[in-house]
Amino acid sequence: MITVENLSKSFTQNNTRVTALDDVSLEVPDGTVCGVVGTSGAGKSTLARCISLLEKPDSGAIRVDGTDLAALDGSRLRAARRQIGVVPQGDSLLRQRTAAGNVALPLESAKVPAAQRRSRVAELLDLVGLSDKASVYPDHLSGGQRQRVAVARALAAKPSVLLADEPTSALDPSTTDSVLTVLDRARSELGVTVLVVTHDMAVVRRIADDVAVLEEGSVVEHGKVLDLVSEPGSRIGSTLLPETDQAELVRSPGGEHDVTAEVVLVGFAAVGALLPEASNRFGVELSILGGGLTRLGDTPVAKFRIGLSGERSESALKWMIERDAHVRRAPVSVDGVAA
Ligand SMILES: Nc1ncnc2c1ncn2[C@@H]1O[C@H](COP(=O)(O)OP(=O)(O)O)[C@@H](O)[C@H]1O
Ligand SMILES: [Mg+2]
């Protein structure tokens with residue numbers, strides 16, 4: 001578990017103070033993947049560097065498994081550092097070392113005996129799907145393969161926490177996928193807690209359980225990805241959902257449908273069955289007017305604009321809401337016309 005409490009950090013640039021982090025609090029539960037997103041300059045790397053103890057915060061606390069990192073020094077600090085594996089921003093491999101040689105580096109620093117080192121390196125290269133590239137030098141690996149070696153290296157000392165700063169920047173979508181698969185595997189197979197800093201929403205879509213949005217050094221939204229998509233006011237939620245045309249979200253008694261609404265459905269059962277079941281049960285005609293289906297991690301999520309026709313349209317909508325569909329509709333005035 002990573003706990004960030006009221007973290008602040010500023011820098012002096014050309015005699016002016018720049019606040020990189022302003023009272024940031026964040027919790028990443030054990031064995032989850034948290035995405036920290038934000039535009040360039042939002043403070044993402046500073047947060048990652050503070051957590052990995054490369055940067056000293058001005059105030060606030062960072063706890064890994066309950067231990068306040070700022071309070072440690074000497075050997076206890078070095079031990080705490082080993083609990084945190086870091087995949088730095090950019091290309092970070094040593095050019096003069098093979099893939100296996102790069103992964104072995106932290107094990108050499110920790111004075112792990114050679115035989116043990118070799119078997120650990122083999123295990124890690126297998127985890128990231130690069131067993132056949134052990135003796136290849138970084139210049140002969142693709143960008144995605146280099147990042148996977150960097151992930152293997154970060155996992156070498158068996159950390160409980162993995163921090164990755166923009167692990168997919170400059171990669172094409174298919175290569176991005178291979179790197180995300182490896183981060184996901186670190187969580188699911190090794191139980192590592194992963195904090196991934198990124199400007200790329202594909203990362204959040206594919207692997208994040210939780211997401212935090214940083215804006216000018218402050219957390220402006222934070223929560224479970226699947227909760228945020230059903231929150232009407234969530235910007236990150238609406239970014240992750242398919243588009244629908246808001247302009248059509250009005251009730252028009254004289255129009256084609258008795259009721260129009262926007263529904264967000266989360267999970268296999270809801271996405272697969274809720275709309276047809278509502279239509280059957282209440283004898284209403286239900287048309288999909290817009291929107292679509294997406295996937296967040298392994299969970300299918302849909303946002304549809306629907307039109308309902310029939311006497312029991314309102315009851316059908318109410319029934320869907322009772323079954324955890326998130327329904328948004330235009331406010332209706334007393335005479336039944338959209339306000
Ligand atoms: N070492 C540093 N010295 C001076 N300013 C810095 C330093 N590191 C970061 N900053 C400033 O802090 C702000 C946040 O930077 P950063 O954490 O790198 O953002 P991001 O990773 O979200 O792009 C920026 O204004 C940046 O210029
Ligand atoms: Mg950065």
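**Burial and surface**

I started with burial: of the 339 residues of the protein chain, 48% count as buried, where buried means under 20% relative accessible area with a 1.4 Å probe and protein chains only. The model is a predicted one, in which local features need pLDDT of at least 70, side-chain atom pairs count only at pLDDT 80 or more, and totals for chains, interfaces and linings use all residues. For my own bookkeeping, residues are numbered from 1 along each chain as its sequence is written, chains are lettered from A and ligands numbered from 1 in the order in which they are written, and side-chain values use heavy atoms, with hydrogens and water left out.

Next I looked up the surface: the protein chain exposes about 16200 Å², and carbon and sulfur atoms supply 48% of that area. These areas come from the Shrake-Rupley method with a 1.4 Å probe.

**Overall layout**

I noted that the C-alpha trace spans about 75 × 50 × 35 Å along its principal axes. The chain holds 11 helices and 14 strands, which are DSSP runs numbered from the N terminus (helices H or I, at least four residues; strands E, at least two).

I then checked contacts, meaning heavy atoms within 4.5 Å. Of those with a separation of 6 or more, 68% join residues 24 or more positions apart.

**Domains**

The domain assignment, automatic or from a database, gives me domain 1 (2-237) and domain 2 (242-338). Seven is the count I wrote down for domain 1 in the contact, against 10 residues from domain 2. The C-alpha centres of domain 1 and domain 2 lie 40 Å apart.

I also opened the UniProt record, an unreviewed entry, which lists residues 2-241 as "domain: ABC transporter"; such annotations may be inferred rather than shown by experiment. That span is 38% helix and 28% strand, and its end C-alpha atoms lie 28 Å apart.

**Helix α1**

I zoomed in on helix α1 (residues 44-51), which is largely enclosed by the rest of the structure because 6 of its 8 residues are buried. The buried ones are Lys44, Thr46, Leu47, Ala48, Cys50 and Ile51. Just after α1, I found Leu53 with a positive phi of about 65°.

**Ser309**

My last stop was Ser309, in strand β13 (residues 299-309). Ser309 is buried, with a relative accessible area of 19%. Leaving out residues up to four places away in sequence, Ser309 touches Glu256, His257, Asp258, Val284 and Glu285.

Notes:
Buried < 20%, exposed > 50% of the residue type's maximum accessible area, 1.4 Å probe, protein only.
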